[in-house]
Structure formats: structure tokens, C-alpha cells
Amino acid sequence: MKCPHCKRSVGLFDRALNDFKNQKRCPYCGGKVAIYISLKILALLAIPAVLVAIKLHPKFGIFAPGLAALVVAALSMRLKPVSKGK
Ligand SMILES: [Zn+2]
């Protein structure tokens, strides 16, 4: 994911994004960010995800759709800047 402030890449599993405080900050510039799921990307990934789920089904059985949904959700996550007014 890219920081909306400094445009540097921030890992999805970066500690700065995964402490369960209300306010998350970019580990590089300290800018306030929020994680959201981009519906546009979610929609783009939905069809390949269904295909992947079908392909994974023999191997993972009933877990395949959940697994595919989890990956799609993770890939759809983006960072947005938080306005200072809040
Ligand atoms: Zn930043």
C-alpha cells in the first residue's frame, strides 16, 4: 500500500498499521492514514477470485472461497489520508 502523504510503500503487515489504536500513522512520514477497501479494485478482482476459488476447490475444499475472499480483501486495501480536523 502507498502512503497518501509521502507515496512510500507501506507493508500491509507493518507494525504501524497493525497496532489497534484508532489512529494509524505512516511509519515513514508520520502522516495520519486510514485503511479502507477500494470497491473499484474489489470489483476488478472479484471475477479472477471466483476463478481462483474454483481452481483451488479440489485442494482446499470448502475453504477455497474464503481463502480467495481473504486475498482479494487484502489486495483491495488502500491507505487514505486522514484530515486533521477530526
Ligand atoms: Zn508517509
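Visitor: What is the mean pLDDT of the protein chain?

Guide: This is a predicted model, and the mean pLDDT of its protein chain is 88. A value of 70 or more is reached by 94% of the residues.

Visitor: Where in the protein chain is confidence lowest, and where is it highest?

Guide: Helix H1, residues 15-18, has the lowest confidence, with a mean of 78. The highest is in strand E3, residues 77-81, at 93.

Visitor: How far apart are the end C-alpha atoms of H2?

Guide: One compares the span of a helix with that of a straight one. H2 has 22 residues, and a straight helix would reach 32 Å at 1.5 Å a residue, but the end C-alpha atoms of H2 are only 26 Å apart.

Visitor: Where in H2 does a kink lie?

Guide: The kink, of about 40°, is at Ala46, shortly before the proline Pro48. Just after H2, Gly61 has a positive phi of about 60°.

Visitor: Is Ala43 buried or exposed?

Guide: One counts the C-beta atoms around the residue. Ala43, which belongs to helix H2 (residues 39-60), is exposed because 10 other C-beta atoms lie within 10 Å, and the cut-off for exposed is 12 or fewer.

Terms used
Residues are numbered from 1 along each chain as its sequence is written. This is a predicted model: local features need pLDDT of at least 70, side-chain atom pairs count only at pLDDT 80 or more; totals for chains, interfaces and linings use all residues. pLDDT is the predictor's confidence in each residue, from 0 to 100. Helices (H or I, at least four residues) and strands (E, at least two) are DSSP runs, numbered from the N terminus. A residue is buried if 20 or more other C-beta atoms lie within 10 Å of its own, exposed if 12 or fewer, and partly exposed in between; C-beta atoms are placed from the backbone. The expected span of a helix is 1.5 Å times one less than its number of residues. The bend at a residue is the angle between axes fitted to the seven residues ending there and the seven starting there.
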